[in-house]
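Please keep the sequence and the structure in view while reading the points below.

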Amino acid sequence: MTMLDRMRRHKGWLKWSLGLVVLAFILLYVPDFLGGGGRYSLQGTDTYGLNDAIATVEGRTITAGEFRRTYLNQLQAYQNAYGGQMNEQLLKQLGIDQRILQQMIDEEVALVEADRLDIDTTDAELDRRIRTMPAFLENGQFIGQQRYRQLLRMQRPPLRPEEFEAELRRSLVIQKLRSALTDWMRVSDAEVDAEFRTRNEKVKLELVVFGADRFRDGLTASDAEVAAYYEKNKEQFRTGPKRKVKYLLIDLQALRGKVTVPPQDARRYYDQNVEQFSTPEQIKASHVLVKAEGKDDAAARKIAEDVLAKAKAGADFAALARQYSEDESNKGTGGDLGFFGRGAMVKEFEDAAFALEPGQISDVVKTQFGYHVIKLAEKKATEARTFDQVRAQIEDQLKWERAQQQAQQIAEEIADDLDSAADLDTVGKARGLTVGESGFFEREEPIAGLGFSPEAGAAAFQSKDGAVSDPIRTPQGIAFVAVTGRQDSQVPALDAVKDKAREALLKDKSVEAARAKAASVAASFKAGDFAAAAKGAGLDVKTTELVARGASLPEVGVSDAVDAAVFALPAGSVTDPVPTGNGIVIARVVERSDVTPQDIAQGRAALREQILTERRNRFFSAYMTKAKQKMRIEINRDVLRQVVA
């Protein structure tokens with residue numbers, strides 16, 4: 001994280017406050033197994049209390065109160081980040097409630113697995129972790145029980161020691177589980193060195209692309225050729241498993257069309273959210289930062305004072321920043337911080353910067369990051385759009401919000417009446433809702449009538465025939481789906497894919513024509529002037545900057561085949577014709593930027609840790625996915641609905 005990013009993130013908090021927030025909310029395990037596995041059952045209840053179960057994992061309960069507290073904490077975190085624009089209704093529309101519940105379930109899954117493996121955290125380990133956390137240290141020493149409790153009370157919302165310690169204990173258990181499962185993994189020097197070269201070697205290229213489309217004109221494919229091609233390449237046309245669903249749709253667009261927004265509602269929204277339609281006061285400033293950490297404080301201040309004296313004597317401020325500043329995020333641009341508003345920087349910096357007029361230079365300003373000298377470049381006054389300017393925008397937003405609310409309410413009202421596919425017709429007719437049936441679709445394909453909805457696709461492939469899903473958000477609105485047909489993986493008959501087979505054959509023919517043309521002129525590219533050879537072939541030369549493996553190349557995109565060919569050659573060499581997905585490429589290596597043994601030695605430790613972390617994360621994720629599939633997980637849909645209502 002750059003120094004500027006840290007300044008903008010910390011704002012006016014005490015140095016340990018962020019540490020507490022991060023600790024309270026970050027998960028110490030890899031959540032890649034979200035959404036998979038588990039045998040879910042749904043229960044129902046009319047009312048809920050804070051101690052009611054919103055979900056259980058192998059008998060371990062997640063209460064409504066725990067979920068609501070986490071949900072509200074997340075809401076507050078979003079509001080802190082995005083201001084008044086983020087409200088609870090928008091969180092629901094984004095499906096944050098489902099994500100939070102899934103995250104809490106996965107934490108319980110990890111704790112169940114830790115218990116099965118007899119992994120626990122002792123009181124001594126917990127105490128030792130608290131006493132060594134940077135959040136609770138001052139001058140390297142634990143701040144003491146009184147200040148420790150005081151800092152917990154300062155959090156928003158306040159934390160009781162027993163709450164904080166319970167969460168910390170859970171985190172430590174999950175951390176120990178992860179360590180127990182993955183600490184055996186190692187990465188050899190040879191693997192690290194090879195990966196370092198792969199990631200850091202670069203080449204500058206000249207490319208000539210024999211695009212297949214250029215050779216398409218005049219090509220034909222007879223029915224006999226298509227049939228022969230199909231017989232030879234049948235597996236190319238194999239389809240995956242498919243499902244067909246009946247769906248009941250609460251159409252958002254239809255609901256929106258019926259919503260009217262009274263003028264007073266639009267005006268009230270404007271008055272309550274006027275900051276959304278205003279550009280607050282902003283300033284543009286540059287700074288020189290002299291860090292105090294790790295050096296004598298007086299010496300750091302003296303350097304800053306010397307910089308200030310030179311700046312006020314007329315020295316070029318940007319040059320001073322490039323010479324003296326220790327903020328690597330903007331040192332190269334003369335300390336330029338760009339435009340920022342109030343609340344973006346720590347308070348001491350903000351107060352000093354906003355007190356300046358354009359062209360003025362501040363005195364030395366001390367913050368938690370060190371000593372700053374600030375120069376103000378420009379000010380922008382607050383600009384507010386009038387109600388009339390934004391009225392249409394507000395009305396449109398309110399229509400969508402109210403349509404979403406109505407759709408959610410309708411979904412809640414009808415959910416318990418939908419047990420089978422037949423109920424979709426009955427309820428849909430009674431409520432005037434859209435009921436339809438899709439054609440067969442594969443899991444990752446759009447669904448006719450609902451559009452592309454991964455959640456609906458997953459439900460269709462996980463549900464029993466005729467069983468109605470939970471309400472699902474789709475591009476068209478909220479839907480309930482029930483599987484009405486299944487189709488196994490198969491190779492369709494030629495008649496069903498004849499056009500597709502003809503197109504594939506013509507593409508193969510055009511690629512072959514491109515290959516023949518490239519082969520006929522390849523020698524001229526290697527023997528003489530590369531650009532002249534390209535001109536003689538009627539093609540243009542495309543030139544890249546220095547690029548690493550995996551870079552997108554002009555008219556080619558990402559090509560492992562081209563990467564393999566060019567990185568195997570010295571500078572000045574020309575490749576043989578290289579097949580790509582859309583034609584043939586001949587490339588000349590103009591320049592190479594190779595890594596040295598010294599580069600590898602310097603980067604080895606950091607890269608080893610990165611590779612090891614990636615491998616451990618993948619292994620832990622796969623392990624937890626399998627563990628989760630064996631566990632009994634129950635979700636109380638009605639309680640969840642009421643908690644976030």
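The protein chain exposes about 33,800 Å², and carbon and sulfur atoms supply 48% of that area. The model is a predicted one. Its chain has 645 residues, of which 40% are buried.

**Overall organisation**

- The secondary structure amounts to 23 helices and 20 strands.
- Among contacts in the protein chain with a separation of 6 or more, 74% join residues 24 or more positions apart.

**Nonpolar cores**

- The largest nonpolar core holds 31 residues, and those touching the most other members are Ile54, Phe67, Leu101, Ile105 and Leu177.
- Two or more residues of this core come from each of β2 (53-57), α3 (64-82), α5, α8 (161-182), α22, β20 (632-635) and α23 (637-643).
- The element that gives the most to this core is α5, with ten residues.
- Leucine 177, one of the residues with the most core neighbours, is in contact with Ala110, Glu113, Ala114, Leu117, Ile119, Phe620 and Met624, when its neighbours within four places in sequence are left aside.

**Packing of α9 with α22**

- Helix α9 (residues 189-200) and helix α22 (residues 597-629) cross at roughly 100°, and their axes come within 9 Å.
- The two helices, α9 and α22, are therefore roughly perpendicular to each other, as an angle of 65 to 115 degrees counts as such.
- On the α9 side, the contact is formed by Asp189, Glu191, Val192, Asp193, Glu195, Phe196, Arg197 and Arg199.
- On the α22 side, these residues meet Asp599, Ile600, Gly603, Arg604, Leu607, Arg608, Gln610, Ile611, Glu614 and Arg615.
- By type, the residues of the contact of α9 with α22 comprise eleven charged, five nonpolar and two polar.

**Packing of α10 with α19**

- Helix α10 (residues 223-232) packs against helix α19 (residues 494-527) at an angle of about 95°, and their axes are 9 Å apart.
- That angle makes α10 roughly perpendicular to α19.
- From α10, the residues in contact are Asp223, Glu225, Val226, Ala227, Tyr229 and Tyr230.
- Their partners in α19 are Leu494, Val497, Lys498, Ala501, Arg502, Ala504, Leu505, Asp508 and Lys509.
- The residues of the contact of α10 with α19 include nine nonpolar and six charged, but no polar ones.

**Individual residues**

- Aspartate 118 is not a glycine, yet its phi is positive, at about 60°.
- Aspartate 118 sits in the loop between α5 (96-116) and α6 (123-132).
- With a relative accessibility of 71%, aspartate 118 counts as exposed, because the cut-off for that class is over 50%.
- Glutamate 555, a residue other than glycine, also has a positive phi, near 65°.
- The position of glutamate 555 is in the loop between β17 (542-543) and α21 (560-566).
- Glutamate 412 belongs to helix α16 (residues 387-414).
- A relative accessible area of 26% makes glutamate 412 partly exposed.
- Glutamate 412 and proline 471 are 59 residues apart along the chain, and their C-alpha atoms are separated by 8.4 Å.

Notes. Residues numbered from 1 in each chain as written. Predicted model: local features only at pLDDT ≥ 70, side-chain atom pairs only at ≥ 80, totals over all residues. Heavy atoms only, no water. Axes fitted to C-alpha atoms, helices over the stretch in contact; angles between N-to-C directions. Helix = DSSP H or I, 4+ residues; strand = E, 2+ residues; numbered from the N terminus. Parallel < 35°, antiparallel > 145°, perpendicular 65-115°, else oblique. Contact = heavy atoms within 4.5 Å. Nonpolar A, V, L, I, M, F, W, Y, C, P; charged D, E, K, R; others polar. Buried < 20%, exposed > 50% of the residue type's maximum accessible area, 1.4 Å probe, protein only. Areas by Shrake-Rupley, 256 points an atom, 1.4 Å probe, with all protein chains shown as cover. Core = buried A, V, L, I, M, F, W, Y, C linked by side-chain atoms within 4.5 Å.
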